[in-house]
Amino acid sequence: MSKTLATATDPADLTATANELLSSLMLRPWGQVSPSVYETGRLVSLAPWLTGHGERIGYLVRTQRPDGSWGAPDGYGLVPTLSATEGILAALTRSDPGIERGRLLETADRGLSVLGGWLKERLDLPDMPAIEHIVPSLVSLINQHLAELGTGHEPLPLPEGMTYDTLRLVREWIKSGAEVPEKLLHALEIAGAEAAGAPGIRPTPIGTIGASPAATAAWLGRPEGDPDGEPARQHLEAVVRLHGGPVPVGLPITVFERSWVLSWLVRAGVPVEVPPEMLADIRAAIGPEGTPAGYGLPADADTTSVALYTLSLAGAPYEPDCLWRFRSGTHFATWPGEQGTSVSVNAHVLDAFGQYAARRPDAAPRYAETIADLSAWIGERQQPDGSWTDRWHASPYYATVSCALSLDEFGGPGAAAAVRAAAEWVLSTQRPDGSWGRWEGTAEETAYAMQVLLLTEGRDDPRRIEAAGRGLAYLAGSTGGEHPPLWHDKDLYAPFAITRAAVIASSYLAARATVRS
């Protein structure tokens, strides 16, 4: 048995750990994802009949911060704090059996106090999926509970710039039976009572609606007497057992998880034994419109491009024509009609086209202009300090490693200055303990920083090797605990297998660099 990731610094041990991680992907095909306060709060509110209801309430109480909030700083706490507070108020309003009413009243009171303070001020909210619908839906529910319970708290206002108008339109649309866009299904719970049994919406073959436990519970309503709802109920019963009651914000993430894990490991040169059936599954998931992250989600350019890049890296290149449907001028959208842009998505598209062209030189001329356009577009969005930021991850280290690696490999000579600037930013932001991180040092962000230093031009610079060595010492001395949530969905989440793969890859690179130096 190999050493644990927390202590492994030998390339052979890290290779064994990587192979164990790949095996775990085959054993847990739905994915390894952290529980979500937002999603768990929705199940407390929507599905008190579901196995693990008491455990979900306990999870919400246990994860409340000392100031009464839930979640991360910088505006990331609003959605989970609204959801947890509303879920607890819903349990109090129903007088759920077995609850500790006094303790829940105290928990809700603290949540309401912090929300009241936040919502009186101008909030700078992060770019999270469906936040413009989720916040009004939760504020409305909380105010209904306050009116019924008579807690003495004033009704909560909406954040500046938000209204109930769009939420009303969405609910009327769903009620009408009109076709619902796939990406809206992921947040179907915002539809309230209109979601239950909504016409035209049916679970996927595995029972999920929108790859979301909350959306599935909202569509299901109460499970009694509806045979059509049995697959959804069984799906929820399976999901709640993954963490003993609490649930992740999105599941399954099969293609997403496998593609990212393999791409981190293979790109870093870790000599893993890639299960052939894993590659076959990734290939089979790519259709004419691309591939989604998992069942119940729409195809997206991010998962599609990383899947294509992974296939090329592994020696099984597949023609990337399906990506053209995501093109929007000189860049690519996460999905057609996306509001906003993502540098990491475009970096991954550049990886997909660039690696395919490298594997199929006869096809390279077809992609040359697009590769040049993408390289320029990504470079233009670099921050003055050398970093990048992105809408799909809270940390600039994720956006920066995505952009720096793709530009270094496929951006040509014109991208060299941008890549050097990224490496200098990484060097300048290392913490005294050897880690990197936005709010605090984390293993995940440290891994990304180390890859920028060790996988781009100038990797033999003694400053980079010394900084990466200190990063390796930080990783080796870590407790081996789970990674904090940094990835964007309705709530921040951590895809554990993906972040572990990044740490293994970076540790492997640093261990080999230390030996060479």
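**Exercise 1. Which residues line the second largest cavity?**

Before starting, note that this is a predicted model, where local features need pLDDT of at least 70, side-chain atom pairs count only at pLDDT 80 or more, and totals for chains, interfaces and linings use all residues. Residues are numbered from 1 along each chain as its sequence is written, and side-chain values use heavy atoms, leaving out hydrogens and water.

*Step 1.* Learn the term: on a 1 Å grid over the protein atoms alone, a cavity is a set of points where a 1.4 Å probe fits but cannot get out, and lining residues have an atom within 4 Å of a point.

*Step 2.* Find the residues: the lining consists of Arg28, Gly31, Gln32, Val33, Leu242, His243, Pro248 and Leu251.

**Exercise 2. Describe the largest cavity.**

*Step 1.* Its space is about 130 Å³.

*Step 2.* Look at its lining, which includes Trp260, Trp264, Tyr309, His348 and Asp351.

*Step 3.* Now find the helices (DSSP runs of H or I, at least four residues, numbered from the N terminus). Two or more lining residues come from each of α11, α13, α14 (343-359) and α16 (396-410), and α11 gives the largest share, 4 residues.

**Exercise 3. Explore the largest pocket.**

*Step 1.* A pocket is an open set of points with protein on both sides within 12 Å along at least five of seven lines. The largest one has a volume of about 1100 Å³.

*Step 2.* Of its 41 lining residues, Pro129, Ala130, Lys183, Trp335 and Trp392 lie nearest the centre.

*Step 3.* Helices that each supply at least two lining residues include α6 (131-149), α7 (165-176) and α11 (254-267).

**Exercise 4. How do the axes of α4 and α5 cross?**

*Step 1.* Axes are lines fitted to C-alpha atoms over the stretch in contact, with angles from 0 to 180 degrees between N-to-C directions. Those of α4 (residues 78-94) and α5 (residues 101-119) come within 9 Å and cross at roughly 145 degrees.

*Step 2.* Contact means heavy atoms within 4.5 Å. Among the residues making it are Leu78 and Leu82 of α4, with Leu104 and Trp118 of α5.

**Exercise 5. Where should you read with care?**

*Step 1.* The chain averages a pLDDT (the predictor's confidence in each residue, from 0 to 100) of 94.

*Step 2.* Over residues 1-7, however, the pLDDT is below 50. Where pLDDT is low, the predicted coordinates should not be read in detail.

Terms used:
Grid points are joined across faces, edges and corners, and a volume is the space filled by probe spheres set on the points.
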